[in-house]
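Hello,

Here is the structure I promised to pass on to you. Have a look at it first, and then read on for what turned up in it.

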Amino acid sequence: MHNIKRAWLELSDGTMMQGYSFGHESSTAGEVVFNTAMTGYPESLSDPSYEGQILVTTYPLAGNYGVPPRGEQNAVSKYYESDHIHARAIVAQDYSWQHSHWQADRSLAEWLREEGIPGIYGIDTRALTKHLRTHGSMLGRIVVEGCEPIDFYNPNEENLVAKTSCGEVEHHGDGDRHVVLVDCGVKHNIIRCLTRRNVRVTRVPWDYDFLKLDYDGLFISNGPGNPDYVDVTVENLRRALALDKPICGICMGNQLLARAAGARIYKLPFGHRSHNQPVRRVGTDQCFITSQNHGFAVDSASLPADWEPLFVNLNDGTNEGIRHRSKPFFSAQFHPEASSGPKDTEFLFDEFIAML
């Protein structure tokens with residue numbers, strides 16, 4: 001077994017918790033957030049929306065099923081949501097040094113060390129989660145025995161979308177209909193969900209002037225951090241709204257579309273990160289269980305008169321999507337592409353494709 005070293009998680013309010021290292025032995029810092037999902041650590045760690053964050057798992061066990069192999073399928077990662085880990089670290093109550101899964105080709109600890117990402121276990125993550133729920137997500141840092149600590153770091157004070165977006169135009173899939181995907185830190189399963197519906201996808205960087213392209217529909221992806229830093233995309237979206245071509249957004253895409261429409265965005269106390277968030281389609285009795293990962297939300301009261309909420313969160317009443325009252329524009333704050341999580345709402349891709 002690997003030589004186990006002590007490690008500490010320190011929060012910006014002075015709270016200190018001691019555990020043990022199972023990942024890369026280095027110090028790191030970021031925003032400490034919690035996820036209440038029972039599975040899905042490979043997908044969560046590789047989700048660009050976790051850029052700059054220290055991920056706390058409330059489910060008490062991590063590593064028990066290892067991690068899947070690398071590999072690509074149709075020019076995207078076969079099993080992951082990007083080509084590398086974006087979270088700054090993972091914090092667990094217990095780590096399983098022995099893993100078992102028919103697809104696993106190495107352990108979680110091995111993957112973390114390969115990518116230079118710390119991991120801590122032995123932390124009471126439920127007590128930590130209660131602390132974060134009471135006081136809100138806060139900055140934190142991890143120090144591994146023998147390593148020098150680094151300063152606290154606030155990822156919400158820089159443009160994380162620019163860090164996670166693709167650097168050049170890419171092409172995926174084939175089909176008669178053409179969708180431009182604005183990459184704000186896209187999860188690869190969004191690309192999979194679009195291409196298997198027989199559309200041709202042009203993936204463009206977050207600040208790319210996509211209006212010079214000929215397209216049938218526009219898709220704005222998920223992404224990390226503060227949407228107030230993504231003004232270039234918002235301005236491009238304002239111009240796109242005048243074209244009346246179908247537009248769909250997910251997560252960060254919901255917030256950017258709302259900003260383009262003229263609505264306000266605000267930061268949630270501790271965000272929504274889980275597989276079990278219930279949402280209701282406004283105007284109906286339809287309820288869905290959704291996968292979510294966001295720290296900001298749209299202020300529904302600030303939507304202009306020609307826009308309305310599409311979904312609402314049944315736990316706290318916050319906005320979970322918007323739509324235009326007469327034009328083919330809509331978005332969801334949750335993740336209909338799941339990966340990992342429930343697939344209740346994947347039909348939203350079909351609704352978008354039907355608009356093209």
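Phe34 has Val56 in S4 as its bridge partner. Strand S3 (residues 28–35) and strand S4 (residues 53–57) run parallel and are joined by 5 bridges; strands here are DSSP runs of E, at least two residues, and helices are runs of H or I, at least four residues, both numbered from the N terminus.

This is a predicted model, where local features need pLDDT of at least 70, side-chain atom pairs count only at pLDDT 80 or more, and totals for chains, interfaces and linings use all residues. Residues are numbered from 1 along each chain as its sequence is written, and side-chain values use heavy atoms, with hydrogens and water left out.

S3 and S4 belong to a closed barrel of 7 strands with mixed pairing, in the order S1-S2-S10-S8-S4-S3-S11 (two strands pair if DSSP finds at least two bridges between them).

Elsewhere you will find the largest nonpolar core, with 30 residues. Such a core is a set of buried Ala, Val, Leu, Ile, Met, Phe, Trp, Tyr and Cys residues joined through side-chain atoms within 4.5 Å, where buried means under 20% relative accessible area (1.4 Å probe, protein chains only). Phe210, Leu218, Ile247, Leu256 and Trp307 have the most contacts inside it. Among the elements that each supply at least two of its residues are helix H6 (231–241) and helix H7 (252–261), and H7 gives the largest share, 6 residues. Another core, of 25 residues, lies apart from this one and includes Val179 and Leu348.

Enjoy exploring!

Methods
Buried < 20%, exposed > 50% of the residue type's maximum accessible area, 1.4 Å probe, protein only.
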